[in-house]
Amino acid sequence: MAGGAALLLLLLLSLPAAEPPGAEDDRDSEEAAAEPRGGRALPGLNALESMELEFGVCTVTCGIGIREVLLTNGCPGSETKCIVGVEECHGPVDCGLGRPISENSESVMMTCIYIPPENRFKYVWKILTPNKTARILPNDSAVMEVRRDTRPITYQCETQGNESVIASVKYAVHATTELQTKQSERIDTGQSRKKRADAILVFCLVTGIIFTVGVIFAIIFIILHWAIVKAVLESKNGRDDMVEKLTIKSSQSNM
């Protein structure tokens with residue numbers, strides 16, 4: 001009996017102390033609280049609150065674009081500023097009249113204002129008519145191609161995000177007849193400029209020819225009548241010498 005009691009006592013002493021219920025959960029929650037949110041803290045990085053950030057210039061003057069996020073303190077090496085990321089930036093919603101991607105005499109391709117990825121936003125195309133409600137088109141893509149009509153049409157694309165308009169751009173699509181008229185006017189203007197340039201070129205050419213012919217005739221005259229020219233030059237030089245001698249004599253007599 002005494003030996004059985006001793007064996008039971010030894011078994012009880014060899015067992016580990018039992019933990020109270022929920023102790024393991026409490027320990028896990030304490031470890032989770034000690035570990036920062038988002039994973040273990042990386043050595044050498046400051047908390048976001050202690051970072052000195054600076055924002056670059058937005059890539060657009062209207063609508064939606066992107067800008068750089070710069071770190072001004074804590075950059076590696078001797079750099080004073082370093083890029084730590086990019087973020088969206090917004091300008092005025094109305095971007096006015098835009099320029100189509102491509103156009104020809106029959107069709108025009110237009111695009112909305114957006115930044116990748118394209119499917120982040122909702123696109124609403126409209127036809128604007130003066131003194132009338134805008135007509136919404138079924139096309140909801142960022143790019144739309146339309147054929148020219150017999151009358152000019154103004155299209156508008158609204159880029160929507162978070163149930164609000166963040167960018168808007170308009171396109172004026174000229175009619176086929178208006179485009180032909182502009183092309184003919186452009187051709188007429190080009191032809192008139194070409195005629196004016198040709199007239200100036202002809203005038204300069206004629207003037208140059210006349211001047212060259214005059215110089216040639218003068219040289220020929222001097223060659224053919226060199227004796228006369230020489231005599232005239234010598235008589236002029238002799239007259240100048242005589243005047244100079246008389247001037248000297250008169251000055252000496254006065255002295």
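Trainee: Which residue stands opposite Leu70 in S2?

Mentor: Glu54 stands opposite Leu70. Before going further, note that this is a predicted model, in which local features need pLDDT of at least 70, side-chain atom pairs count only at pLDDT 80 or more, and totals for chains, interfaces and linings use all residues. Residues are numbered from 1 along each chain as its sequence is written, and side-chain values use heavy atoms, with hydrogens and water left out.

Trainee: When do two strands count as paired, and what is the order of S1, S2 and S3 in their sheet?

Mentor: Two strands pair if DSSP finds at least two bridges between them. In this case the 3 strands make an open sheet in the order S1-S2-S3, with antiparallel pairing. Strand S1 (53-55) and strand S3 (82-90) each have a single partner strand and stand at the edges, so one side of each lacks a neighbour in the sheet. From one strand to the next the twist averages 30°; for such angles, axes are lines fitted to C-alpha atoms, for helices over the stretch in contact, and the angles run from 0 to 180 degrees between N-to-C directions.

Trainee: How many bridges join the strands of this sheet?

Mentor: S1 is joined to strand S2 (residues 64-71) by 3 bridges, and S2 to S3 by 8 bridges. Within these pairs, Phe55 has Val69 in S2 as its bridge partner, while Gly65 has Cys89 in S3. As a general point, side chains in a regular strand alternate between the two faces of the sheet.

Trainee: What is the strand order in the sheet that contains S4?

Mentor: That open sheet has 5 strands in the order S4-S11-S10-S7-S8, and its pairing is mixed. Strand S4 (94-97) and S8 are at the edges with a single partner strand each, so one side of each is left without a neighbour in the sheet. S7 and S8 pair in the antiparallel sense over 2 bridges, and the bridge partner of Lys126 in S8 is Ile136.

Trainee: What does "buried" mean, and what share of the residues is buried?

Mentor: Buried means under 20% relative accessible area, exposed means over 50%, and partly exposed lies in between, using a 1.4 Å probe and protein chains only. Of the 255 residues in the protein, 18% are buried.

Trainee: How is a nonpolar core defined, and which residues have the most contacts inside the largest one?

Mentor: A nonpolar core is a set of buried Ala, Val, Leu, Ile, Met, Phe, Trp, Tyr and Cys residues joined through side-chain atoms within 4.5 Å. The largest has 24 residues, and Met110, Trp125, Met144, Val146 and Tyr155 have the most contacts inside it. At least two residues of this core come from each of strand S6 (107-111), strand S7 (122-128), strand S9 (143-147), strand S10 (153-161) and strand S11 (164-173). S11 gives the largest share, 5 residues.

Trainee: Which residues does Met144 contact, leaving aside its neighbours within four places in sequence?

Mentor: A contact means heavy atoms within 4.5 Å. On that basis Met144 touches Val108, Met109, Met110, Trp125, Leu137, Asn139 and Tyr155.

Trainee: Which residues does UniProt list as "transmembrane region"?

Mentor: The unreviewed UniProt entry lists residues 200-229; such positions are given in the numbering used here, feature names are shortened, and annotations may be inferred rather than shown by experiment. In the model, residues 200-229 are 97% helix and 0% strand, with end C-alpha atoms 39 Å apart.

Notes. Helix = DSSP H or I, 4+ residues; strand = E, 2+ residues; numbered from the N terminus.
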